[in-house]
Amino acid sequence: MKKTLLAIAILTVSITAQAQKFSTRSGFIRFFSEAPLENIEANNRQVTSILDIGTKSMAFSVLMKSFEFEKALMQEHFNEKYVHSDKYPNAKFNGKIQENLDLNKPGTYAATVVGELDMHGVKKNYTGKGTLVVSESGIKGTCKFKITLADHNIEIPSPVKDKIAPVVEVTVDMDYKPMTK
Amino acid sequence: MRRIVAALILAAFWLPMASFAQDDLLSELDQMEKKEEKIDFASATFKTTRLINGHSIETNGEGVLLFLISHRFGRLTGGPYEYFGLDNANIRFGFEYGVTDRFDIGIGRSSFEKTYDGYLKYKLLRQSKGKRKMPLSVTLFTSIAIKTLKWPDETRENYFSSRLFYTYQILIARKFSDRFSLQLTPTIVHRNLVAAKNDRNTVFALMAGGRAKLTGSLALNLEYCWVPRGQINSLYNGEQVQDALSIGLDIETGGHVFQVYFSNSRGIIEKAFLTETNGLWWKGDVHFGFSISRVFTVYDRNKAAQKRQEKRLKRQVMKS
């Protein structure tokens with residue numbers, strides 16, 4: 001009896017110690033706004049994210065000032081007037097993969113992520129459909145979803161209404177590597 | 001009993017694992033970010049490259065061309081006959097271009113005394129927090145102005161050099177909050193030709209200014225140019241030279257900034273508003289003015305940055 005217990009205990013500890021978590025510091029997030037007068041695209045290549053395949057949860061944090069725009073003035077307005085980066089420097093997402101996937105085995109999996117996005121001081125739930133590609137070296141995750149700016153209290157003043165779409169498309173592309181403690 | 005203990009031991013192993021993994025991904029992210037802190041530069045200390053008369057620490061981004069049209073009208077005291085100064089406009093057309101995100105060049109032409117001007121501007125220090133902390137932004141500025149008005153006395157020997165004026169400035173600013181920024185600008189203006197012997201060729205001045213953002217697209221600016229007494233003694237247009245005081249509003253729409261202001265200076269460029277201001281606010285010698293700027297993005301700076309990176313990589317590969 002004691003031996004069985006010990007064995008279970010050791011097994012438990014060894015499971016916790018095994019790499020269940022994957023992370024990246026150079027994740028990619030793009031948002032795209034398609035409007036009658038102008039298409040606006042902004043890229044952020046400095047997203048930090050953690051994926052826990054044990055609990056099937058994932059989280060990412062985006063520094064708003066790291067979004068790069070084609071036009072310097074757009075970037076300034078984005079930070080100063082729309083998302084107020086000094087007050088809300090980060091956008092954060094925390095979610096769970098809905099499917100019962102065994103992400104220890106290499107392969108390509110379709111995944112649905114449900115979670116909460118905290119942006120511009122407003123929290124809102126989102127569902128995104130994406131793909132996870134598990135390989136020997138790590139996990140690649142891609143996902144697309146849409147954000148309605150008004151949901152996050154981001155106001156677009158009337159003079160630029162024709163230049164900024166009320167709903168923007170967000171593309172997430174992460175290249176996770178096993179996390180080293 | 002043993003079994004209960006065993007179950008407890010097991011639970012003790014499992015529970016923290018389950019709860020830890022759930023909620024604390026976000027706090028783990030925070031720790032990750034703290035380890036790799038980034039430099040957070042203060043953006044938009046001022047709305048545009050000008051405060052009112054003088055330059056602000058801001059430069060145009062790389063690949064950005066700014067077309068700036070400034071108007072300064074006559075004195076309000078001109079009354080209805082002069083349409084409160086509007087009949088008497090001084091206009092400056094200017095082009096500014098961001099060679100890099102920190103280096104700016106510009107040219108302009110004012111109708112006032114038919115003056116051409118050109119300038120260079122470089123952001124030496126940028127206010128930042130995070131990984132690198134810098135309390136102030138500092139921009140270096142130098143300009144040259146060429147007055148092309150006909151010589152008052154064409155019979156005497158006139159030199160081209162007498163038409164030249166130079167300005168050197170160190171613009172020091174801090175964005176205290178989202179809404180409030182201040183700037184101090186020690187300035188030297190050198191005039192090759194002055195009116196009388198007791199006028200200094202090189203004039204020292206200190207400019208101070210600030211902006212208070214009223215809403216996202218509206219800001220109130222104030223600017224004062226202090227020229228210590230005793231440097232300019234001859235009269236300008238029959239009046240004593242004064243310190244320029246200006247108050248204005250920045251109104252921003254998508255691609256341009258509208259600036260409207262009142263100032264006791266008639267000139268728009270440094271040498272004019274620093275050494276040739278002769279209006280007195282309390283007498284109503286105030287000029288209305290406004291400028292419109294339009295921004296053109298000549299090329300995509302991100303693509304340019306990407307290309308530079310590729311070139312750098314190629315060079316490294318060639319070397320190795």
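This is a predicted model: local features need pLDDT of at least 70, side-chain atom pairs count only at pLDDT 80 or more; totals for chains, interfaces and linings use all residues.

1. In chain B, strand β11 (residues 218–226) and strand β12 (residues 245–252) run antiparallel and are joined by 7 bridges. Within this pairing, N221(B) stands opposite G248(B) of β12(B).

2. In chain B, 12 strands form a closed barrel in the order β2-β3-β4-β5-β7-β8-β9-β10-β11-β12-β13-β14, with antiparallel pairing. From one strand to the next, the twist averages 20°.

3. On confidence, the model has an ipTM of 0.73 and a pTM of 0.82. Chain B has a mean pLDDT of 89, and 94% of its residues reach 70 or more. Over residues 18–22 of chain B, however, the pLDDT is below 50, and this stretch has 6 contacts in the model beyond near neighbours in sequence.

4. Chain A contains 2 helices and 9 strands. Read from the N terminus, its elements follow the order α-β-β-β-β-α-β-β-β-β-β. The C-alpha trace of chain A spans about 75 × 30 × 25 Å along its principal axes. Chain A has 181 residues, of which 29% count as buried. Among contacts in chain A with a separation of 6 or more, 57% are between residues 24 or more positions apart.

5. Which residues have the most contacts inside the largest nonpolar core? This core has 40 residues, and those in question are I50(A), L51(A), M58(A), A59(A), V62(A), F78(A) and I139(A). Helix α2 (residues 72–82) of chain A supplies the largest share of the core, with 5 residues. Another core, of 17 residues, lies apart from it and includes M207(B), V227(B), V241(B) and I268(B).

6. Leaving aside residues up to four places away in sequence, L51(A) touches F22(A), M58(A), I139(A), G141(A) and Y176(A). Of these partners, M58(A) and I139(A) are also listed with L51(A) among the residues with the most contacts inside the largest core.

7. H120(A) has a positive phi, near 55°, and is placed in the loop between β6 (107–119) and β7 (122–134) of chain A.

8. Y83(B) is found in the loop between β2 (64–75) and β3 (90–98) of chain B. Because Y83(B) has 12 C-beta neighbours inside 10 Å, it counts as exposed; the limit for that class is 12 or fewer.

9. A further loop position in chain B is L149(B), located between β7 (137–147) and β8 (164–175). L149(B) has 10 C-beta neighbours inside 10 Å and therefore counts as exposed. Not counting residues up to four places away in sequence, L149(B) touches E113(B) and K114(B). From C-alpha to C-alpha, L149(B) and N53(B) are 22 Å apart in space, and 96 residues apart in sequence.

Definitions and conventions: Residues are numbered from 1 along each chain as its sequence is written. Chains are lettered from A and ligands numbered from 1 in the order in which they are written. Helices (H or I, at least four residues) and strands (E, at least two) are DSSP runs, numbered from the N terminus. A residue is buried if 20 or more other C-beta atoms lie within 10 Å of its own, exposed if 12 or fewer, and partly exposed in between; C-beta atoms are placed from the backbone. Two residues are in contact if their C-beta atoms, placed from the backbone, lie within 7 Å. A nonpolar core is a set of buried Ala, Val, Leu, Ile, Met, Phe, Trp, Tyr and Cys residues joined through C-beta atoms within 7 Å. Two strands pair if DSSP finds at least two bridges between them. Axes are lines fitted to C-alpha atoms, for helices over the stretch in contact, and angles run from 0 to 180 degrees between N-to-C directions. pLDDT is the predictor's confidence in each residue, from 0 to 100.
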